[in-house]
Amino acid sequence: MKKFVILGGGYGGLTIALNLLEKDLPDDTELVMIDRSPFQGLKTEYYALASGTIAETHIRVAYPDDPRLQLVYGEVSDVDITTKQINFHDKEPLSYDWLVIGLGCVDSYHGIVGAQEFSSSIQTLAQTRATYQKINNIAPYGQISIIGGGLSGVEMASELRESRPDLNIRLIDRGPSLLSAFPSNLQQYVRDWMMEHHIELRTQVSLVRLDGGDLYNQDEIIRTDATIWTAGIQPTPVVEALNVPKDRQGRILLNEYHQIPDYEDVFVVGDCASLPFSPSAQAAQAQGKQIAEVIQAIWKGDTPKLGAIKLRGTLGSLGKKSGFGIMGKRTLMTGKIARMLKSGVLWKSKRHFG
């Protein structure tokens, strides 16, 4: 039997599996999906789990129960794309005929000394659970600092304000404004919301070192009881170790069919792929759908025909009652409607509707 192996059951990997299971698989091909967890965690909602406003079961999504899909649980140590072998920390190696790499990302600490040791993360379920415990143990009137004023940092700060109104919350960014990738009027809306809800905003802070509860902004010391890191991502160490062409962010360069050019039996999806837009769940799902179309065409002996990936927009939450977003290229929305739309997206994701 030939093996089509998907590394990672996140947004991209799961989309590929679901799309392939909707069709007839070749009789001589086995579909295998590998993940360290027995369910998908909806990563776009980890900020709420860390804040304590939802239970973990709320963001667990069951993998497909289909006899044609073999689920393998384990921690991948490395991939040898020359010998077509996947190595694990805790089990025997697995060979493949076609491979999808969708292992996601890890925090990028930008070379800041002590950042990894003295901050908490929301990149994995295990890290998010630990962050929740850290926040839960902060006494009333304690200080929490969130590093990174992008979408994750804003959602983390606003959800935490709803969960712990007793805490002092500070949002720190090295740029001149929060949400620098968004239009200025939307940035202003979020700034006003933060000020109304007593969240301290510190912009143009250039951290050089973290040491326990001390954050060093050059010579200034900013004191905190807990630090949550949302200041950028990079591909996983497994992808970092691959000797293939990459972009400046370390993401793998691909051809028009989402394959590594010199290894066309290897596809890359999601945060590890070099794409013309920022990593997101939506992009990973759109890319995953196209990868499923490509491999189905290959199995049939056809030439794949793909269109351009078009993203529908970006939505963010400000607690459970407000939000913001951009739909298409120009339509801005704020308030309850944006939050309701994001809740609808979550509802669809939990039920495998994209």
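Domain bounds here come from an automatic or database domain assignment. The model is predicted.

**View 1. Two domains of the protein chain.**

**View 2. Helix 7, residues 281–300.** The end C-alpha atoms of this helix are 29 Å apart. At 1.5 Å a residue, its 20 residues should span 28 Å, so the two values agree. Of these 20 residues, 14 are buried, so helix 7 is largely enclosed by the rest of the structure. Gly301 follows helix 7, with a positive phi near 80 degrees.

View 3. Glu45 has a relative accessible area of 6%. Buried means under 20%, so Glu45 counts as buried. Its side chain makes a polar contact of 3.5 Å with that of Thr44. Beyond neighbours within four places in sequence, Glu45 contacts Ile54, Ile59, Lys342 and Leu346.

**View 4. His198, a non-glycine residue with positive phi.** Most residues other than glycine have a negative phi. Phi of His198 is about 60 degrees. His198 sits in the loop between helix 5 (184–196) and strand 13 (199–202). Its relative accessibility is 65%, and His198 counts as exposed.

**View 5. His258, a residue other than glycine with positive phi.** The value is near 70 degrees. His258 lies in the loop between helix 6 (237–240) and strand 19 (259–260). With a relative accessible area of 7%, His258 is buried.

Methods. Residues numbered from 1 in each chain as written. Heavy atoms only, no water. Helix = DSSP H or I, 4+ residues; strand = E, 2+ residues; numbered from the N terminus. Expected span 1.5 Å × (residues − 1). Buried < 20%, exposed > 50% of the residue type's maximum accessible area, 1.4 Å probe, protein only. Polar contact = N/O pair within 3.5 Å; in protein donor to acceptor, adjacent residues only side chain to side chain. Contact = heavy atoms within 4.5 Å.
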